Amino acid sequence: MRASTLYGCLLCGLVFGLASGARAQNFADGGVAFSPDAAVAPDGGTSSDAGAALDAPPTDASSVASSMAAPELVEFVEAEYPAAAREAQQEASVELEITIGSDGAIRSVTVATSATPEFDAAAVAAAQRFVFRPAMRNGTPVASRIRYRYVFELQEEVVPAATPEPEPTAPDPAQPASEPAPTDDAAPAPEEEPVQELSFGAVARVDPPPREVTRRTIEAEEMVRIPGTRGDALRSIELLPGVARPPGLAGLVIIRGSAPGDSQVMLESTPVPLLYHFGGLTSFYNSRMIDRIDFYPGNFSARYGRKIGGIIDVGVRDPRSDGFHGVVDLNLIDSSVLVEAPILDNLSVSIAARRSYIDFFFDKLIPSDITAIAAPVYYDYQGVISWRPTSRDRIRLLGYASADRFALNIPPSESDPTIRGNLDLRTSFYRVQADWRHQYSENVTQDISISAGETNLRFGLGDQFRLDLHTVPIVARAEWNARLSHGVRLIAGFDTITTPTDLIYYGPAVGQAEGNPSMGTNVGAERKFDTTFSSTVFRPAMFVETILRPVDPLTIIAGVRLDYYHEIRHWSFDPRLSARYAVNDQWTIKAGIGRFSQPPEFQESLAGLGNPSLTPLHALHLAAGVDHQFNETFSLGVEGFYKWVTNRPVATQNSEPPFFENAGVGRIYGMEVAGRARPRGRFFGFLSYTLSRSERLDRPGSAWRVFDFDQTHIFTVSLVYKLGRGWELGGTFRLVSGNPLTPVIGSVYDVTSNVYQPLYGMVNSDRVGLFHRFDVRLEKMWTFTNWRLAFYSNVQHVYNRMNPEGTLYNYDFRESQVVGGLPIIPSIGVRGEL
């Protein structure tokens, strides 16, 4: 691998990403998920209107409340959704009064507002097994009585089964509550123990049938605590089955043997151009504003399109509405701040920002003959406004932005002396998005969103290469969801992407990026193209999906999607079908088949650089598997998959015009094992294994070869354990087959360019060595009355193994050495939470 090759790979990756223009828990049997509809600080701190004391004459309520800290729920038990009610599609809410002793034990649970006997009993039975940290007044534990509301509802979005953080609301001091009668299974609170009265809320939801064969979700409680991710929620997807390891610092997402450009990252169902900042160290969005991460490795719903690989859909949570809160995080690589607060009773706001400071010490890390003109620096910011004007409406405004800058002055390359001068890389994008959810009735909902923004990419390499790309993507989406009967749900919608685009390009022919080891090896000697492009790309689509339950154990999801690709004047029609059969409460069998389409990459169909007559590429997805839920904590799933890719654009013979043709095919097959321990007690963890093979045939008559990022074995295990007294320890181990490598078998001297040109063996016929690493995360949390302080350490590559990433050759390719990956990366930080 030579320096110029790396530059070429970097360019292709950026062009692929930028030019292309409910919630967490998923029980196979439709089990209960739980999430709070209001929250307090994790340490039990409250806002100043927490409540008035009942053991003293009424005084200034605010001064009393300011010294009160609400009880904190530390052990949560899910309510069982009544089977008859679930079958009848019934919803209800139950309001409970829970008396908690000064030792945190439940003294009594009574029903304050009844629904039905079945719902009442389910809510009471769960609450009787809760364990709290007691309420605190001026640092002293006191007994308290809280109002706790369960809402049992059928919800289209999946809700993570995260431990709830209840929100205290101020009761009327003039109307003290009478002591509720204890239930049969709970002892009454001692009469001599004064009781503080507060109010809490929680939601128990039943997930509807999944709309995909496989959806793997990382819950909010887990995503910032996983070792090896530096607390970055979006990097946690690397633990999931089907996700391959990209080369060091590449920052690519490779799902089930598909090219990076074949998969899509979305934020609230809107595409985003880049998941990571430069180098893949950090993602673009603040992790503590994320509610869930849904990962679809294949056979995804008809609501998603224009991609044949996989989908990552990131959900953003609403800002907290129980008072002012903030998080400040300082570590060795970057710093971030998050603040959130209510503005009105039904309006809340959150704002976050982050900046790296690698640029402060970067010049100490690079060779002395390279000058840092603009050391690597990245920053991002996010904002959310959530408004609920009525009980049936939610309106949200989201804004986010990301930017990277990196510039070096490099000396001439030994293998290609034309590679010299300034290397300049700049990427930036921002988006503003408005979402409106309206519930017409208990059976009909509507979701509408529109977003607009700007994306900029600049990449330059001396006087040999220049790329300036500017786009203004406008995305509109609407979806209507109607439950027509007990066993029939209909979903329909549309989405459009309109992208005004301006491009300036000067450099060699773009060429086929994948399976082309010679790309970028002799930039100076190659013929140069000088292209300017200005146009608007329009891609509308519509989709229809139905969820059928002909009999209770069986769920069938059938959908179709119709897309139009304005830039190539072609349509695609993609039917999809999947089914799930719940054998019993623990076992579920699942299978799916579907067609998926996407347009050629931007540079492949651009006139002057590519072929405007290309047609969409297609993939047939087949999958079947079984899921087993051992209990509410442990689950295991096994799935086999096969993908057949057609119409894949490949370079023409000798790269003659029209440069690309739809002559390639591909096949990808394998199996995945997904084990999980959900955070129900002191620990949680993941176990994943992928066995797969991804192959390509570039044109009829050629030989099958493996894909550039084919990885036969991918094994990951991660475990996080609460040691007690605020200590938490976790570790992640990953073992991955090395990426394919095309061997160099000789070289010839090119008189014209005055450099040696390599002679390659069979494409991807060799591999770099095995990759393995172990990461450790240790955190100590101190909890105070109204805030928390944490010290943490994340150490990546603990045993400092220099994993091979490629091969570096000398000027005539007679000598070589292995290029090592990242060394041990210790990172320490401190975090404060209000």
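Select Leu267 and Thr270: Leu267 stands opposite Thr270 in β13. Strands here are DSSP runs of E at least two residues long, helices are runs of H or I of at least four, and both are numbered from the N terminus. β12 and β13 pair in the antiparallel sense, over two bridges; two strands pair if DSSP finds at least two bridges between them.

Before going on, a word on what you're looking at. This is a predicted model, in which local features need pLDDT of at least 70 and side-chain atom pairs count only at pLDDT 80 or more, while totals for chains, interfaces and linings use all residues. Residues are numbered from 1 along each chain as its sequence is written, and side-chain values use heavy atoms, with hydrogens and water left out.

Now pick Ser269, in the loop between β12 and β13. Ser269 has a positive phi of about 65 degrees although it is not a glycine. Is Ser269 buried or exposed? At 12% relative accessibility, Ser269 counts as buried (buried is under 20% relative accessible area, exposed over 50%, partly exposed in between, with a 1.4 Å probe and protein chains only).

**The sheet**

Next, colour β15. Six of its six residues are buried, so β15 is largely enclosed by the rest of the structure. In a regular strand the side chains alternate between the two faces of the sheet. In β15, Ile311, Asp313 and Gly315 point one way, and Ile312, Val314 and Val316 the other. What about its partners? β12 pairs with β15 in the parallel sense over four bridges, and Met266 stands opposite Asp313. β14 runs antiparallel to β15, joined to it by six bridges, with Phe295 as the bridge partner of Ile312.

**The core**

Stay on Ile312 and show its surroundings. Which residues have the most contacts inside the largest nonpolar core? They are Phe284, Tyr285 and Ile312, in a core of 37 residues. A nonpolar core is a set of buried Ala, Val, Leu, Ile, Met, Phe, Trp, Tyr and Cys residues joined through side-chain atoms within 4.5 Å. The elements giving two or more residues to this core are β12 (264–267), β14 (290–296), β15 (311–316), β20 (393–410) and β33 (683–697). Leaving aside neighbours within four places in sequence, Ile312 is in contact (heavy atoms within 4.5 Å) with residues including Ile237, Val253, Val265 and Ile293.

**Asp495**

Jump to Asp495, in strand β25 (residues 488–508). Asp495 is buried, with a relative accessible area of 4%. Draw the side-chain polar contacts: 3.4 Å to Arg477 and 3.0 Å to Arg561. A polar contact is a pair of N or O atoms within 3.5 Å; within protein, one must be able to donate a hydrogen and the other to accept it, and residues adjacent in sequence count only if both atoms are side-chain atoms. Not counting residues up to four places away in sequence, Asp495 also touches Arg303, Arg306 and Arg539, among others.

Move to Glu514, in the loop between β25 and β26 (528–548). Glu514 is buried at 15% relative accessible area, and its side chain reaches the backbone nitrogen of Asp708 at 2.9 Å. Its contacts beyond four places in sequence include Arg648, Arg696, Arg705 and Asn764. Select Asn764 next: it has a positive phi of about 55 degrees although it is not a glycine.

**Last stops**

Check the peptide bond from Pro657 to Pro658, which is cis, with omega near 10 degrees. Finally, colour by pLDDT, the predictor's confidence in each residue from 0 to 100. The chain averages 82, but pLDDT stays under 50 over residues 1–67 and over residues 199–209. Where pLDDT is low, the predicted coordinates should not be read in detail.
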